[in-house]
Amino acid sequence: MAEGRGQITRRAGLRLWLAGLWLTALVLAALLAPWIAPKDPLAQDLFLGRLPPFWVAGAEPGFLLGTDSLGRDVLSRILYGARIALVVAVVAGSLTCLIGATLGLLAGFLRGWVDTVISRLIEIWMAFPPVLFSILLIAVIGPGLSSIIIAIVVIDWTRFARVVRAEAMAQGAMDYVASAQVAGRRRGSTMWVEILPNVLPTIVVLLTLEMGIAVIVEAILSFVNLSISTDDPTWGGMIAEGRSSIHHAWWVIVFPLITLFLTVLSFSQLGEGLKDRFDPVLR
Amino acid sequence: MSYLQIRHLSARLVGAKDRLLRDVSLTVERGQVHGLVGESGAGKSMIGKAVLGILPQSVEIVEGSIELDGVDLLQLSAAERRRRIGAHCALIPQDPLTALNPSRRIGPQITDRLVQILGWDRTRAETRAVQILGEVQIEDAARVLRSYPHELSGGMRQRILIASAFAAEPKLIVADEPTTALDVTVQKQILKLIAQMQARHGTALLFVTHDLGVVSKVCRSLSVLYGGMVVEDTAVRPFFAGPQHPYARALLAATPKYTDPLASLQPVPDAVIAQVRQEVKASDKGWFHV
């Protein structure tokens, strides 16, 4: 386009690049963990317990970020922990998104009794305290990766449903929807063809935020020992273990914390960046 | 010969007692322009929406009929009504900025109806789109059809909406304040364009506006609304010579005059408002509906 409007694009910016870089590194770490991890993440050696990271006096070569109280390599455990974190983020995030966004879209566009039913359901659902709810849920269905994913989906679909519903309502009131209806488009088809593409940027942002939240929820559940078996390296489990030795071996808790923090931050920054890309007006 | 005939149409909010439209009757002749005038909230847009079957779900029609070419739309099944309206009616919406879907290209937004309702094949529909854009003086039609709405100016988008409304050769177009959102210089051009297209295609036009100046230029007949009630329904010439109803008279007197730009504006007198409110109330007497 030669003139004006079409040319306005926002630069992706440093934030997006850094976030993308971190997440790419994380995906690679998760995929290549067996080859790049310096040690076996489960190997214990009590003689090598609480070794400090490499720049602190008393460090052993080969244990870059030190070891925990059982002598397991912190770096290797973080790398392996990325696997579980990412599986939870992607699977739980997408499932939550799919269920929540669909219900929100139906409620927001169709209105009427569909909206009444879904909205009441959301309100009832949100009256439960989420952490308690998930702990209860896992106590009932038993711990494990799939339980965590189910717990996240069950708790968090309302987040999508509420926001997408509001957005679909706003879009539904636009003149272009009226025009499409006058032109004979069916209601269902209007929802998919006219409304959904305009709600998509919002959904993408929510999805990336949700991925970050899923990682945190997994960490919380690990922290209270309701996640995967304690042997498997998860960031939350590492943080929980590191808490007990925080005074004499700070690295055991600090490195997984930093990793968790950067990951969640990256997901949210990625969302912001993608929103600009998806937004037809800013595209 | 009338094309659209609305008889005793009443509508209300679902579950509410008071009516939003009160026993509205009006006629749009084949190929003629009928103005629908009133203050904000008088129900003029609502009549247009009722005709096109796009009333909000919170509004229900409780009485009356909307006959399109002799067929009462309100008696048809939803699917049949959708098809009939899709094939014979179109809308020129108020705000060109929200009337085109921002995430779809212009092309399919014009051709959808041709393909889906009239069953044309895509090539024929696209040829038609180029041709109709040419009619509204859009030269670079091929490029415009590939563009997204945000790449085009407001005036351009309003032209596209007009073209799109005429693309399927509808018998009736509802223009819902098509110039209100535009700035004054563009308003005049757009108005002229609508009038031209209407004359060329011989389409009946229901022209919703609050601007009597526009009515005097474009319409053949008009209805003046207050509180969802038609207070005056007449041809344009006698109306501008001297309206019958005091409210219509006051409304006409309140219109600024180009010939006398320095004259102070005349508000509609309170006494007239009180009187027309009285009439609206009186019309509700004897109206029962559960």
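Q: How many residues of chain B and of chain A take part in the contact?
A: In this predicted model, the contact takes 26 residues from chain B and 20 residues from chain A. A pair of residues counts when their C-beta atoms lie within 7 Å.

Q: Which elements of chain B supply at least two residues each of the side that touches chain A?
A: Those are helix H2 (78–88), E6 and helix H3 (106–116) of chain B. The largest share, four residues, comes from H2(B).

Q: How do the residues of the side of chain B that touches chain A divide into nonpolar, polar and charged?
A: They divide into 12 nonpolar, eight polar and six charged.

Q: What makes strand E1 and strand E4 of chain B a pair?
A: Two strands pair when there are at least two bridges between them. Eight bridges join E1 (residues 2–13) to E4 (residues 59–68) of chain B, so the two strands meet that definition. They run antiparallel, and one of the bridges links B:Leu13 with B:Val59.

Q: What is the order of the open sheet of four strands in chain B?
A: The order is E2-E1-E4-E5, with antiparallel pairing. Strand E2 (19–29) and strand E5 (71–72) of chain B are its edge strands, as each pairs on one side only.

Q: Why is one side of strand E6 and of strand E10 of chain B left without a neighbour in the sheet?
A: The open sheet of six strands has the order E6-E7-E8-E3-E9-E10 in chain B, with mixed pairing. E6 (89–92) and E10 (229–235) of chain B stand at the edges with a single partner strand each, so one side of each has no neighbour there.

Note on methods
Residues are numbered from 1 along each chain as its sequence is written. Chains are lettered from A and ligands numbered from 1 in the order in which they are written. This is a predicted model: local features need pLDDT of at least 70, side-chain atom pairs count only at pLDDT 80 or more; totals for chains, interfaces and linings use all residues. Two residues are in contact if their C-beta atoms, placed from the backbone, lie within 7 Å. Ala, Val, Leu, Ile, Met, Phe, Trp, Tyr, Cys and Pro count as nonpolar, Asp, Glu, Lys and Arg as charged, and the others, Gly among them, as polar.
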